[in-house]
Amino acid sequence: MINELLLQFGQWMEAQQYSQMLVAGYYSYSWLEATHVLTLMVSIGSLFIIDFRMLGWILPNVSASTIADRLHKPMMIGFAIMFITGFLLVYAKPVETIQSLWFRIKMVLLVLAFINAWIFNAKMKAADGNWDNDSVAPRNLRVGAILSLVLWCGVVTMGRYIPYDWVDCDKTQNSTILWAAGCVDQLKAL
Amino acid sequence: MSDNKKIGDKELAAISVSVIVFGGLMFHWVAELISTLDLLELAYGTVKLFNNPLVF
Amino acid sequence: MFSTIWSQYKATLTVFLVLLVIVVLEVLQVRAAIYPSLLPAFEWLKNSTPLGYIGTTYGSIYATVQAMHLLAMGTLGGLVLTTDLRLLGVMFRNTPSEVISNGTHKAFKVALIAAVLTGIFCVAGVADKVYYMPVFWVKMLALAVGAAFVFLVKQPLLNSKPHSEINPWIIRGMAITSILVWFTVAASGRWIGFS
């Protein structure tokens, strides 16, 4: 049911003029993708420095809250650009992306990463400030930092997998994969 | 400028390298920009970032 | 006379000596002469090494290493931006710039090594293609210049004295150049994939 709806949504987007313009432009799609990838240096770059600081791998003599505070803004700007360019990339090739297993895993990991970030922030605010100048953050924050690193590595890896066609709808007969990727027609044909 | 901010050897080397490398990279990127604009003009007859196949 | 100038301006003179050598090599067309002889090395990398074999045989491993390369470059970019924006006085104004630039340098080295190692693997799988791409050589040149700039010029100066004793315009010039170099490395890298 939800796979059908998603497919219809994708087809609706794909029929739009601007979606087709993005793909057909000489450089438009490449520039979009390049911006999306290069902004990793701002978003993930800032985030990883915060996580590394919590784990005590970097800048141990700067307080953890200073690092988290100052890098918050560039990180958010980075993620905003990634979100906009990411949406446009999906918009340019909607059906292909919506029926990509990797894209779907990526979205799940993204949601998990945001939940983790939410919890991490709450824990950081709840923790009393005594640890702030310690070179390593308290255990529960370290766990959050490791989870964040793992989840974002997963997001980037899944993102890198999207252009590969290993398990595209017409490449696999495995019904579980077809269902998970939302290959409605191929699943019916089985 | 105070005496302790005198530009020494390392400073001179650093600013020379910075200027040369920065200039070289800017030259590269401007050349890339010009050749890209030329290519778009060649492809579309005008500089268009987005091509609209429905009007093409 | 000459020896006094040399001992006083060793670094500056070395810079211009290197520049002179590069110009002379270009005028003598040494680069053009060496270029064809590099092709066998690239073909060997792809066809006769385990790296090239794995890269061309297992697409999933290749894509995973590419993702690791991206992650290393992302981390590297974050470290470069943090360090250089501090040197420019944009971020972390309340933290001494010595603390930031020293504190990020070790991680920068680790990220650079990770990016280079994963990068070699990425090259091995498509060595016969990238050899013919100008953008690949732009990236390699930018990488070499960037590494030389950081390790031979920027870090030695920043470590030699308190940053307050260095002319602020020199610090800003180095920071902007550093950002532009590493941006060029990353952007050219992304373009290799499109070409």
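How many residues does the contact take from chain C and from chain A? In this predicted model, the contact takes 27 residues from chain C and 27 residues from chain A, where two residues are in contact if their C-beta atoms, placed from the backbone, lie within 7 Å. The model is a prediction in which local features need pLDDT of at least 70 and side-chain atom pairs count only at pLDDT 80 or more, while totals for chains, interfaces and linings use all residues. Residues are numbered from 1 along each chain as its sequence is written, and chains are lettered from A and ligands numbered from 1 in the order in which they are written.

On the side of chain C that touches chain A, helix H5 (59-87), helix H6 (97-125) and helix H9 (168-194) of chain C each supply at least two residues; helices here (H or I, at least four residues) and strands (E, at least two) are DSSP runs, numbered from the N terminus. The most is given by H5(C), with 16 residues. Sorted by class, the residues of chain C on this side comprise 14 nonpolar, twelve polar and one charged, with Ala, Val, Leu, Ile, Met, Phe, Trp, Tyr, Cys and Pro counted as nonpolar, Asp, Glu, Lys and Arg as charged, and the others, Gly among them, as polar.

Chain C itself contains nine helices and zero strands, and its elements run α-α-α-α-α-α-α-α-α from the N terminus on. Taken along the principal axes, the C-alpha atoms of chain C fill a box of roughly 55 × 45 × 25 Å. Of the contacts in chain C with a separation of 6 or more, 78% are accounted for by residues 24 or more positions apart. Buried residues make up 39% of the 195 residues in chain C, a residue being buried if 20 or more other C-beta atoms lie within 10 Å of its own, exposed if 12 or fewer, and partly exposed in between, with C-beta atoms placed from the backbone. Chain B, by contrast, has one helix and zero strands, and 16% of its 56 residues count as buried.

Within chain C, 23 of the 29 residues of H5(C) are buried, so this helix is largely enclosed by the rest of the structure. The 29 residues of H5(C) should span 42 Å at 1.5 Å a residue, and the end C-alpha atoms are 41 Å apart, which agrees; the expected span is 1.5 Å times one less than the number of residues in a helix. Just after H5(C), C:Gly89 takes a positive phi of about 80 degrees. The loop between H5 and H6 of chain C also holds C:Phe92, which has a positive phi of about 50 degrees although it is not a glycine, and C:Phe92 counts as buried because it has 22 C-beta neighbours inside 10 Å. C:Pro96 is found in the loop between H5 and H6 of chain C and is partly exposed, with 15 other C-beta atoms within 10 Å. C:Pro96 lies 62 residues from C:Ile34 in sequence and 46 Å from it in space, C-alpha to C-alpha. A positive phi, of about 55 degrees, is also found at C:Gln29, although it is not a glycine; C:Gln29 sits in the loop between helix H2 (10-27) and helix H3 (30-47) of chain C and is exposed, with 10 other C-beta atoms within 10 Å.

In chain A, the axes of helix H4 (residues 40-54) and helix H8 (residues 139-161) come within 8 Å and cross at roughly 155 degrees, which makes H4(A) roughly antiparallel to H8(A). Axes are lines fitted to C-alpha atoms, for helices over the stretch in contact, and angles run from 0 to 180 degrees between N-to-C directions; angles under 35 degrees count as roughly parallel, over 145 as roughly antiparallel, 65 to 115 as roughly perpendicular and the rest as oblique. The residues that make this contact include A:Leu40, A:Ile44 and A:Phe48 of H4(A) and A:Ala145, A:Ser148 and A:Trp152 of H8(A), and by class the contact has ten nonpolar, one polar and two charged residues.

The axes of helix H7 (residues 101-126) of chain A and H8(A) come within 9 Å and cross at roughly 160 degrees, and H7(A) and H8(A) are therefore roughly antiparallel to each other. The contact of H7(A) with H8(A) has 17 nonpolar, six polar and two charged residues. A:Phe114, found in helix H7 of chain A, counts as exposed, with 12 C-beta neighbours inside 10 Å. A:Phe114 and A:Ser148 are 34 residues apart in sequence and 8.8 Å apart in space, C-alpha to C-alpha.
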